[in-house]
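Hi,

Here is the structure I said I would pass on.

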Amino acid sequence: MSTLSGAFLPTLVRREHASLAATLLAPPIALAAATVVNLGLYVLMGRDPVAVVYAMLLEPFLSWASFSEVLLKTGPLLLIAQGLAIGFRAKVFNIGAEGQFILGAIFASAIPVWFPQATGQWIWPAMLLLGTLGGALWASLTAFWRVRLNANEILVSLMLSLVAAQFLNYLLLGPWKDPDGFNFPQSVMFQYDAMVPILISGTRVNVSLLLTIALSIAAWIFMQRSFIGYKLQVGGLAPRAASYAGFNEGWAIWLSLLIGGCAAGLAGAAEVAGPLGQLQRSISTGYGYAAIIVAYLGGLHPIGIVVSALCMAVLYIGGDNAMVSASLPIAAVRVFQGSLLLAYLVAVAFVRYRLEWRRAACRSQP
Amino acid sequence: MLNNLTRRTLMKGIAAAGLTSVLGGRAAMAADEPLGITLVIPSPVGDVGWGHALAAGLDPVKAAYGDKVKVTVIENIPEGPDADRIMNKTVSDGNNFLIAGSFGYQNGALQIARRNPAVTVLHASGFQVAPNFSPFAAKYFQGTYLLGMAAAALSKTGKLGSVSAFAIPELITSINAFTLGAQAVNPDVEVSVVWVNSWFDPAKEQEAAKALMAQKCDVIFSNAQDTPSVISACEEAGVYAFNLNSSMKKYAPKTYLGCVATDWSPFFKASVDAHFAGTFKGANAFLGVSDTVVEVVDWNADIPADVMTRIKAIEAKIADGSFSPFTGPITKADGSEGVATGTTLPDGEIVAMDWHVKGVTTPLPK
């Protein structure tokens, strides 16, 4: 492709240094660009652009009730993304957080499904623990296949998510179906003690948010300050250097996947024991996949991920608001969310690269 | 059962309590503002199917009331915490008429009704009733009985099939009535069912239709599909097919057998009238041919004239209430007695039906 296209198209050249100002300005510029493009779209559709922007970007912050919903949505995204980012920095690509989330939800539900009459404040912590274990077990399948059989972890973890969804279906259509539920594929409603206590009264935000924040801090300490975290990062950046230094690759894969699985499993448990209160088919609206975007938007950095998880949650809640109050169709909401991500990725690319327009007919290609 | 329901409502109450109490204050509206009517559905509105029929049912309401009503349709909302939030949001925005268009919205919608006595809620396919909360469902079985008669007259193999979404009473009654109607024309007819366990999975639905055709089924009942997946696969194979809710004749001009169409507008209109008059009273709305909600349209011209005459006679008797498909003697698929000779199953038992009649060869999922 090189000679012909090189003559007419600009090429991307890596910058020597990415400037700090550009790095910080990239997200707001991306937001502004995406907003302007979409405003044009709303005008063409005959919607009131001011009402849409108000509903989508301002309303989530304007009342405590709606901001608490943003926090509720942030929880699982943040938790899963922190776990995934650790693996991604070690270049272990766990794409199957969705399946680990589902297994976490299933393991946690085992207690209220099997012991619906049980009472006591031990139930919800035990459910969260069990969920964490479930996520880790599901991720360990991928780790085993990768380390022992050298199977690609992207494919294995992704495929196992489909298996997890079918396993959930089986349970809900069979042994775990609510006997009084008119054959609908859902479990019994959980008893009161199987619900994580509400953190802020009057909202749906529960104690698991505190846990998520604590684990985010732990992720920061682990990645920036611990030797194990350092070894993982070296393994990702320079695998051969890592192996010369005696860092074991198989160990890094196991650790990365188990951390990701634990985090996703815990998020799944907190979701069924939190706002859902029941095991059902739609327990995850794609949290496991959205968290991959959150992790990368946050630059795989624990603090960046906190910001990006909040932003994604605002986009979700704001998108729903826009459908309710500005009667925007769902497709337009998705277009806005997609174009925002695209604009951000383009902006980030320009932070690291610049365009060069030159007639370089004989340049060698890498 | 009662215990279970109280526990459900209690816990959903805890989840939803704060949200509505914080937002509820703003719900009061000036009298001259239009009545906000919100319809929430789990699938896209589309050109055909369940969601389309519900949305179309609001058109006559719009036509009758003009500026006095403002209709918003919110599509593609999964049953779960998102739906609860969105329904709360629309009510707190001052929309006082809510149509919750799927069974899974039941708990959240019921809470809204309890906490906002000024709001009228209609809920699809449920069983809970409150003073301002009406569950509604269609007597599809009245139409599927008639199409069963046509199917048996056209079938050469004596084998009929049904691609069905979930094994819930509403769909089971449709299959049973279809089978009984077919047996009224040909007593030896057999019906096979494939449960796809999804409201919306066109690829899987087509697979299911092809599997039935491979078993020599030559008339197929597309039971609760929101796309012409089954209908168009049957047209391609030259096999007769029919569906529920809205006509799909344009997707199968040759082999389209007919449509058990639902027109929700009489019910919606009456409910909105009652809301304006302040006389709305929550009740179980189980609506059929005599309510002009269910009607079979687009009969295929291939149906023999003598059978068509019989069908029309039965249709008239269903409309004036002198005939019910579920009048004994009816034998269950396991050989035991379903309905005794001379008795007619009351509506209360039809809506909870969890057995197949003799002639349905596929066992119900347990």
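**What I found**

In chain A, 80% of the contacts with a separation of 6 or more are between residues 24 or more positions apart. Keep in mind that this is a predicted model.

Chain A first. Its secondary structure is made up of 14 helices and two strands. The radius of gyration of chain A is 23 Å, close to the 21 Å from the globule rule for 366 residues, so the chain is as compact as a globular protein of that length. As for burial, 46% of the 366 residues in chain A count as buried.

I also looked at one residue, A:Ser63. It sits in the loop between helix H3 (49-62) and helix H4 (64-89) of chain A. From A:Ser63 to A:Leu171, 108 residues along the chain, the C-alpha separation is 39 Å.

Then the contact between the chains, which involves 32 residues from chain A and 33 residues from chain B. On the chain B side, helix H1 (2-23), strand E2 (69-74) and helix H4 (81-92) each supply at least two residues. H1(B) has the largest share of that side, with ten residues. Sorted by class, the side of chain B that touches chain A has 16 nonpolar, nine charged and eight polar residues.

Cheers

Methods: Residues are numbered from 1 along each chain as its sequence is written. Chains are lettered from A and ligands numbered from 1 in the order in which they are written. This is a predicted model: local features need pLDDT of at least 70, side-chain atom pairs count only at pLDDT 80 or more; totals for chains, interfaces and linings use all residues. Two residues are in contact if their C-beta atoms, placed from the backbone, lie within 7 Å. Helices (H or I, at least four residues) and strands (E, at least two) are DSSP runs, numbered from the N terminus. Ala, Val, Leu, Ile, Met, Phe, Trp, Tyr, Cys and Pro count as nonpolar, Asp, Glu, Lys and Arg as charged, and the others, Gly among them, as polar. The radius of gyration is taken over C-alpha atoms; the globule rule is 2.2 Å times the number of residues to the power 0.38. A residue is buried if 20 or more other C-beta atoms lie within 10 Å of its own, exposed if 12 or fewer, and partly exposed in between; C-beta atoms are placed from the backbone.
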